[in-house]
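Subject: Structure handover

Hi there,

Here is the structure I promised to pass on to you. Please have a look at it first, and my notes follow below.

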Amino acid sequence: MIFLSYLLLGALAGTLAGLFGIGGGLVIVPVLVFSFKLQGLSPDILTHLAVGTSLATIVVTSLSSIRAHHSKGAVQWPVFSVLTVGILLGSWFGVYTAIQMSGPMLQKVIGIFALAVAAKMWFGFKPSESSKVPGRPVLVAAGGVIGWASSIFGIGGGTLSVPFLRKCNLSMAQAVATSAACGLPIAIMGAAANMFLGRNNDLLPTMSTGYVYWPAFLGIALTSMLFARFGAQLAHKLSSEKLQKLFALLLLVVGCEFLFSM
């Protein structure tokens with residue numbers, strides 16, 4: 001029954017991720033937090049476990065996304081390769097940063113981030129654009145910041161990397177595609193760091209490796225990719241403005257729940 005619930009959670013996360021056109025981590029993390037609460041896991045580890053498991057699922061889902069974008073020639077691989085240097089370093093230190101926080105504190109930080117993204121989606125802020133891609137040091141530094149923040153929040157980084165890549169004067173299609181590619185090193189390093197740095201925590205449930213809980217990973221991975229396509233089909237029936245408003249409301253609920261429930 002528990003595994004069935006993760007299949008259903010994966011279907012929900014995939015549908016919402018496809019519907020709102022943003023990485024599933026912003027959906028998967030709060031859903032897993034609520035699920036782990038119902039299972040009676042300790043507040044000290046359930047948020048860390050949700051973040052680590054979310055990053056592990058993004059490894060699987062990002063591969064499908066990269067394949068689709070690469071087939072259209074939209075991924076800017078030279079930009080990706082330089083960003084990845086910073087992403088790998090930043091992702092490791094992001095997990096280290098998250099582990100230094102208590103579970104309730106990490107939950108509140110994620111809640112603040114959800115509210116910030118909600119505000120951005122509601123008001124429709126548009127990133128400014130520049131005339132050229134910056135040099136390698138700037139790209140590496142930007143990758144470090146993107147990887148660091150993304151591994152704290154358990155997301156693939158699109159919320160942060162797409163505005164940055166647009167500022168680098170990539171087209172929207174190129175920015176989204178390159179951001180999707182960047183989600184893979186974020187997820188791989190973030191998941192690996194969570195497994196390694198969290199391995200000696202006595203509060204972890206069985207069938208987990210550090211802060212990655214394998215039953216949840218498997219259930220979500222099996223259904224999220226399938227239902228993301230369903231969500232994408234639903235998205236075509238609503239205007240982009242309505243989608244942004246709906247997603248902003250969803251994140252508003254998630255942010256408030258995370259900030260005020262504990």
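A word on the ground rules. This is a predicted model, in which local features need pLDDT of at least 70 and side-chain atom pairs count only at pLDDT 80 or more, while totals for chains, interfaces and linings use all residues. Residues are numbered from 1 along each chain as its sequence is written, and side-chain values use heavy atoms, with hydrogens and water left out.

**The overall fold**

The chain has ten helices and two strands; these are DSSP runs, numbered from the N terminus, with helices being H or I of at least four residues and strands E of at least two. Read from the N terminus, the order of elements is α-α-α-α-α-α-α-α-β-β-α-α. The radius of gyration is 17 Å, close to the 18 Å that the globule rule gives for 262 residues, so the chain is as compact as a globular protein of that length. That radius is taken over C-alpha atoms, and the globule rule is 2.2 Å times the number of residues to the power 0.38. The C-alpha trace spans about 50 × 40 × 35 Å along its principal axes. Of the 262 residues, 51% are buried. Among contacts (heavy atoms within 4.5 Å) between residues at least 6 apart in sequence, 81% join residues at least 24 apart.

**Helix α4**

Helix α4 covers residues 77-100, and its 24 residues should span 34 Å at 1.5 Å a residue, which agrees with the 34 Å between its end C-alpha atoms. The expected span is 1.5 Å times one less than the number of residues. There is also a kink of about 30° in α4, centred on Thr84; the bend at a residue is the angle between axes fitted to the seven residues ending there and the seven starting there. Thr84 is itself one of the buried residues of α4, which also include Val79, Phe80, Leu83, Gly86, Ile87, Gly90 and Gly94. An α-helix has 3.6 residues a turn, so residues three or four places apart point the same way. The partners of the buried residues of α4 are α3 (46-71), α5 (103-123), α6 (136-153), α7 (158-167) and α8 (172-197).

The buried ones are Thr159, Ser161, Val162, Pro163, Phe164, Leu165 and Arg166, and they pack against α2 (25-38), α4, α5, α6 and α8. In the loop between α7 and α8 you will find Asn169, a residue other than glycine with a positive phi near 75°. Asn169 is partly exposed, at 38% relative accessibility.

Met207 also has a positive phi, of about 65°, although it is not a glycine. Met207 sits in the loop between α8 and β1 (208-209) and is exposed, with a relative accessible area of 55%.

**Two buried residues to look at**

Ser150 belongs to helix α6 and counts as buried, at 0% relative accessibility. A polar atom of the Ser150 side chain lies 2.7 Å from the backbone oxygen of Ile146. Leaving aside neighbours within four places in sequence, Ser150 is in contact with Leu55, Ile155, Gly156, Gly157, Leu160 and Ile186.

Phe113, in helix α5, is buried too, with a relative accessible area of 11%. Not counting residues up to four places away in sequence, Phe113 touches Leu26, Phe153, Ile155, Thr159 and Leu160. Phe113 and Leu251 are 138 residues apart in sequence, and their C-alpha atoms are 9.2 Å apart in space.

**Back to the cysteines**

How many disulfides does a search of the whole structure find? The search finds zero, a disulfide being a pair of cysteine sulfur atoms within 2.5 Å. For Cys182, the nearest cysteine sulfur is that of Cys168, 11 Å away. Cys182 is buried, with a relative accessible area of 2%.

How values were computed: Buried < 20%, exposed > 50% of the residue type's maximum accessible area, 1.4 Å probe, protein only. Polar contact = N/O pair within 3.5 Å; in protein donor to acceptor, adjacent residues only side chain to side chain.
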